Amino acid sequence: MEWLRLMGFCLLAGAMVMLMRQMQPQAAALLSVAFGVMVVSATFAQIAGYIESVHAFLASLNLDEQYFKVMAKTVGIVLVTQLAVQACEDMDAPSVARRAEAVGRLALLSVAIPVFMELTQMAVDVLR
């Protein structure tokens with residue numbers, strides 16, 4: 001039911017931003033960013049519960065802690081990147097939004113490449 005309250009909050013925020021945009025476009029962009037941060041902050045408690053469930057699952061499989069860290073970092077990068085991209089778009093800066101998206105992709109690659117290399121090494125070891 002928490003998601004339903006958040007959706008109502010988003011609709012209210014959207015209406016406020018729409019009204020504000022007619023009077024003060026710059027303030028409307030900042031208000032939109034503020035609402036975005038508030039919504040993401042409100043979802044952290046739910047996300048933390050999911051992350052703890054995944055952590056317990058991976059621990060039950062006796063997998064290395066490194067895989068959980070990679071997953072948690074990946075989720076964080078995706079959330080922060082999406083928030084930054086949408087904020088830039090709300091402030092009518094699509095070129096900056098594309099750069100933020102590129103930075104997010106590079107951050108994901110920097111997290112994923114070590115895991116990819118380790119899995120590739122495992123596969124090569126099995127084939128030998």
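## Ground rules

Residues are numbered from 1 along each chain as its sequence is written, and side-chain values use heavy atoms, with hydrogens and water left out. Because this is a predicted model, local features need pLDDT of at least 70 and side-chain atom pairs count only at pLDDT 80 or more, while totals for chains, interfaces and linings use all residues.

## Helix α2

Let's start with α2, which runs over residues 25-60. Helices here are DSSP runs of H or I with at least four residues, numbered from the N terminus.

The buried residues of α2 are A28, A29, S32, F35, V39, T43, I47 and L58. Buried means under 20% relative accessible area, exposed over 50%, and partly exposed in between, with a 1.4 Å probe and protein chains only. Their cover includes α1 (2-23) and α3 (65-90). After α2 comes N62, with a positive phi near 60°.

## The largest pocket

The largest pocket holds about 320 Å³ of space. It's lined by 16 residues, and S32, F35, G36, L83 and Q86 lie nearest its centre. Helices α1, α2 and α3 each supply at least two residues of that lining. A pocket is an open set of points on a 1 Å grid over the protein atoms alone, where a 1.4 Å probe fits, with protein on both sides within 12 Å along at least five of seven lines; lining residues have an atom within 4 Å of a point.

## Helix α4

Next up is α4, residues 94-127. Its 34 residues should span 50 Å, and the end C-alpha atoms sit 47 Å apart, which agrees. α4 bends by about 30° at A112, with a proline, P114, following within four residues. A97, A100, G104, V111 and V115 are buried in α4, and what covers them includes α3.

## A look at M16

M16 is found in helix α1 and, at 38% relative accessibility, counts as partly exposed. Beyond its neighbours within four places in sequence, M16 is in contact (heavy atoms within 4.5 Å) with L31 and F35.

Definitions and conventions:
The expected span of a helix is 1.5 Å times one less than its number of residues. Grid points are joined across faces, edges and corners, and a volume is the space filled by probe spheres set on the points. The bend at a residue is the angle between axes fitted to the seven residues ending there and the seven starting there.
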